[in-house]
Amino acid sequence: MSARATEPASSESDEALPEPRYVPLRTAVRALLRKELALELRAPQAVPAMALFSVTTLVVFHFALQRGVVDGDLASGVLWVTLLFAAMLGISRLFVADHEEGGLDGFLLAPTDRTALLVAKAVGLFAFLVALEVVAVPAFALLLLGPSPSLAAYGQLAVLLVLADAGIALVGTLVGAIAVQTRTRDLIVPLMALPLLIPVVIAAARGTSPLVLQGGSQGLEVRWLFVLGLYDLVFGLLAYALFDFLIED
Amino acid sequence: MLYGTRLRALSIATLVTMTAALALAFFYAPMDADQGFMQKIFYIHVPMGIVALCGFVWGGINAIQHLRTRDPKYDLRSYVAIHLSLILGAGVLVTGSIWAKASWGHWWVWDEPTLVSFLIVFLLYATYQPMRFSIEDREKQARYASVFAVTAGAFVPLNFIAVRLAQAYTHPRVFATADGGLPAKMQLPFYLSFLGMTLLYITLWRYEMASKNTSAKLRSLRRKLAGDDAVAPAGRTAAPSLPTT
Amino acid sequence: MAALPAAIELDGLTRRYGERVALEDVTLTVAPATTLVVFGPNGAGKSTLLRVLATLLRPHAGAVRVLGRSLPDDGWAVRGRIGFLTHEPLLYRDLSGRENLRFHARLHGVAFARVEELLDRVGLRLRADDRVSTYSRGMVQRLAVCRAVLHDPDVLLLDEPRANLDPAAADLVEPLIGAASGRTRVVTSHDPAGGLVEADLALGLRGGRTELLAPADRVQSHEIWALYR
């Protein structure tokens with residue numbers, strides 16, 4: 001045996017087992033979120049693509065529907081299809097940077113809860129969706145929407161958007177995490193996410209219709225908010241329970 | 001668990017029950033005044049639908065077990081359950097379309113929330129196999145498939161509620177389903193058909209489980225006798241692999 | 001001499017990859033502050049072994065104890081005390097060197113002063129605010145070393161740590177990850193002579209199986225060469 005093997009080890013192994021180090025969830029989430037936002041600001045990929053795609057989609061709708069203005073059910077449908085399909089782009093990109101640059105390993109080595117990644121990714125995606133809507137909703141109002149909704153109606157639309165975005169963010173994080181491990185990532189995301197998001201489409205589109213009706217907005221029916229809330233709760237719990245299995249080996 | 005036992009008995013039972021159910025449906029059950037003979041597809045469509053949905057849930061339950069214990073046998077059980085339910089699901093949609101034609105004169109209607117929910121669920125589960133196939137690492141494939149199966153299983157009731165809510169505001173529900181409202185002469189063929197479908201599902205499930213288990217054991221024995229090199233590496237596949245010991 | 005608790009204990013560690021076996025029945029003990037060098041051809045299981053020790057992979061069979069904690073169940077307890085350096089630098093190319101290290105510092109609860117100290121020691125202070133995509137391979141490796149030792153780990157797992165490093169750079173990182181750092185180390189190596197010099201214990205793997213396991217001063221270079229044939 002070489003002499004080094006019998007030298008006293010570092011003080012910690014003389015005593016009982018070394019204290020586990022641990023970083024609280026909130027700190028880890030903040031660190032991850034900072035990184036997400038810093039990366040997106042530094043090398044914008046997802047948000048500009050989603051925003052541009054939404055505007056292009058609106059133009060396509062104009063020609064496909066052969067109309068200059070839409071209102072009511074049709075307007076609601078156009079808006080939500082546009083938002084949903086643009087969201088697919090964001091979901092596809094969500095885990096790509098980490099996957100390609102080995103970033104997940106870096107996080108997995110840290111002494112913290114795995115859930116931090118779920119929270120950070122979902123909040124990040126939510127932020128990207130809000131950024132998307134800041135462009136897409138005014139574009140929609142400008143390009144295709146016939147009636148001019150009141151400020152109150154816009155406020156109610158904002159509430160719908162927040163709840164819907166939460167659902168899309170949760171489903172998107174789950175599906176994005178699954179898709180990044182497949183070889184057909186861009187195909188799997190819309191195929192898997194769209195059926196899962198149909199309840200969101202149902203509630204959001206129904207909720208929006210009265211807000212964009214020609215002849216004045218008729219107010220938001222609260223039941224759709226409850227449906228969205230329930231959906232968010234169910235998927236929140238599912239994501240919390242299942243996400244760890246997607247990132248650990 | 002040995003899946004190959006009682007296969008013959010189960011197959012015979014299935015055949016007998018299904019034949020009896022179909023015979024009763026054709027000859028014993030009343031002919032619907034409005035919809036005519038095509039209405040009888042109801043005796044296949046609804047039981048198939050119920051069994052398919054239960055199959056998806058059974059797949060989800062096995063998936064939970066797989067995630068908890070990491071035992072690959074649960075992954076195989078889940079895979080077979082889902083893939084059989086998907087096949088039945090295709091049958092549900094086809095027979096549902098025929099029934100829609102009989103009831104409303106169109107090959108598809110959006111009025112029946114159960115059928116519409118089923119379409120959405122079918123589209124979702126149709127991604128299961130492509131997803132599995134596109135993940136090469138077998139362990140990861142199994143784990144991700146289980147996460148999907150649990151998510152999709154939880155989604156089924158949520159989806160059903162949402163679609164129901166959407167329909168309630170345009171069309172009231174047009175017809176009664178099998179629970180409670182069946183006249184006497186329809187009950188026997190219906191329940192018999194339901195039993196037959198369940199037996200069919202169980203039999204097919206056991207067949208497939210037995211077949212896959214046997215292939216895996218064969219590979220394992222070959223490997224033990226002739227060495228690693230005698231067995232060609234398993235190509236890319238969506239089906240679960242079993243441990244080689 | 002007093003019996004010291006082992007830093008790493010493996011007992012029949014097995015890990016499969018599909019139908020093949022990546023590691024089979026590996027058993028050894030690494031005393032604290034000593035170096036285990038792992039030799040073997042590509043595909044022998046060296047990287048797998050490191051990843052299992054890093055808590056990134058679960059053992060399929062056998063027992064693994066790191067710093068007295070059993071993996072995978074108590075992996076959470078040792079994560080903060082393991083430093084892992086692998087072929088992938090685990091750095092974001094679009095962020096600067098400093099930003100990358102600060103990100104890891106936050107994740108490990110380490111003060112930023114330590115980031116500055118390490119950047120200085122590896123000679124990256126001047127380029128710390130440039131994006132990693134502008135770094136040379138040697139600079140990336142130096143930054144990766146900083147990342148690995150940022151949280152002052154007790155155990156270092158190093159997968160060919162001197163790859164891409166010129167002699168000057170290798171000198172800079174030596175006190176951080178070399179034997180003199182006083183940490184328990186597991187190092188993979190393709191260099192029989194060099195590897196044996198820094199090893200206390202030598203492990204030779206082939207096809208996941210242990211072909212050689214002995215204290216380094218009793219192993220000769222040609223035995224390592226034999227692994228590759």
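Analyst: A helix here is a DSSP run of H or I of at least four residues, a strand a run of E of at least two, and both are numbered from the N terminus. In this predicted model, local features need pLDDT of at least 70 and side-chain atom pairs count only at pLDDT 80 or more, while totals for chains, interfaces and linings use all residues. Residues are numbered from 1 along each chain as its sequence is written, with chains lettered from A and ligands numbered from 1 in the order in which they are written.

User: What makes up chain B, by helices and strands?

Analyst: Chain B has 7 helices and 0 strands. From the N terminus, its elements read α-α-α-α-α-α-α.

User: Why are H1(B) and H7(B) called roughly antiparallel?

Analyst: Helix H1 (residues 7–28) and helix H7 (residues 184–226) of chain B pack at about 150°, their axes 8 Å apart. The label needs an angle over 145 degrees, so H1(B) and H7(B) are roughly antiparallel. Their contact has 18 nonpolar, 6 polar and 2 charged residues.

User: What share of chain B counts as buried?

Analyst: Of its 245 residues, 38% count as buried (20 or more other C-beta atoms within 10 Å of the residue's own, placed from the backbone).

User: How many residues does each chain give to the contact of chain C with chain A?

Analyst: Chain C gives 40 residues and chain A gives 35, a contact being two C-beta atoms, placed from the backbone, within 7 Å. On the chain C side, helix H2 (75–78) and helix H3 (97–108) each supply at least two residues. H3(C) has the largest share, 6 residues.

Technical notes
Buried ≥ 20, exposed ≤ 12 C-beta atoms within 10 Å, placed from the backbone. Axes fitted to C-alpha atoms, helices over the stretch in contact; angles between N-to-C directions. Parallel < 35°, antiparallel > 145°, perpendicular 65-115°, else oblique. Nonpolar A, V, L, I, M, F, W, Y, C, P; charged D, E, K, R; others polar.
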